[in-house]
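Hello,

Here is the structure I promised to pass on.

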Amino acid sequence: MFRTARLCGVKILEQRKNLLLKCRETNTVKCVSYTVQNKNIQQNKESNNNIQWIRMYYFPHIRIAATLSRLKLYQTIFTIGAVPISIALYKDGLMELSSVQIVSGCATLACVTLYLMTSYFRRLIGIISISKDGKSVKISHLTFWGRKRDVIVPLEDIVPLTESGCSPNDAYVKLVRFSSKEILYMTLRFGNILDKTKFEFVFGSLDVFGLKK
């Protein structure tokens with residue numbers, strides 16, 4: 001009986017030892033995988049930072065749009081914060097029910113307006129640049145928070161304006177990509193095309209839009 005128990009104990013120790021070795025091997029593989037991923041991300045960031053960009057489009061009023069987007073966000077936060085305060089005042093008898101309803105209505109209207117405004121502003125392009133080698137395009141547009149976001153895409157991913165369903169009479173034209181359903185907007189009427197040759201190299205001829213910039 002003692003020998004049998006001893007053999008069982010040895011087997012259990014061996015199984016635990018093998019399980020511990022497998023866990024260590026798995027953790028080592030995961031660490032190596034994470035290290036490789038972080039290294040690739042860092043290399044991509046460094047390579048993007050080393051690219052020389054040439055501006056070919058600029059929307060001069062993009063700063064105003066960013067400021068309005070941020071102000072509207074702060075206003076909405078302030079209005080929503082006033083709702084629980086008005087409810088507390090109503091419970092204490094310091095505010096009428098109609099006033100609470102007005103504050104709640106203003107908060108709802110502020111949320112709807114914020115959604116509509118940011119859904120437009122976050123698609124508005126401020127700067128378009130092309131890499132010096134002509135292989136990549138950097139698109140800078142606003143985010144929900146009114147900040148700038150840079151998207152770098154290959155040149156062949158850009159759909160020409162003549163194929164994106166744009167009209168010469170449109171104040172804003174669509175920037176469409178083959179690899180994404182996201183649609184961004186830029187204005188040829190109010191924006192500045194800094195380099196027409198490079199712009200047409202990316203988006204096609206501007207003659208159909210009647211622009212001689």
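The notes below cover a helix pair and then a pocket.

This is a predicted model, in which local features need pLDDT of at least 70, side-chain atom pairs count only at pLDDT 80 or more, and totals for chains, interfaces and linings use all residues. Residues are numbered from 1 along each chain as its sequence is written, and side-chain values use heavy atoms, with hydrogens and water left out.

Helices (DSSP runs of H or I, at least four residues) and strands (runs of E, at least two) are numbered from the N terminus. Helix α2 packs against helix α3 (residues 97–121) at an angle of about 160°, and their axes are 9 Å apart. Axes are lines fitted to C-alpha atoms over the stretch in contact, and angles run from 0 to 180 degrees between N-to-C directions. The two helices, α2 and α3, are therefore roughly antiparallel (angles over 145 degrees count as such). Their contact has 18 nonpolar, seven polar and one charged residues (Asp, Glu, Lys and Arg count as charged; Ala, Val, Leu, Ile, Met, Phe, Trp, Tyr, Cys and Pro as nonpolar; the others, Gly among them, as polar).

An unreviewed UniProt entry lists residues 73–90 and 102–121 as "transmembrane region"; such annotations may be inferred rather than shown by experiment. In the model, residues 73–90 are 100% helix, and residues 102–121 are also 100% helix.

As for the lining of the largest pocket, α2 (62–91) is one of the elements that supply at least two residues. The largest share, seven residues, comes from α2. By class, this lining has seven nonpolar, five polar and five charged residues.

Regards

Key: Angles under 35 degrees count as roughly parallel, over 145 as roughly antiparallel, 65 to 115 as roughly perpendicular and the rest as oblique.
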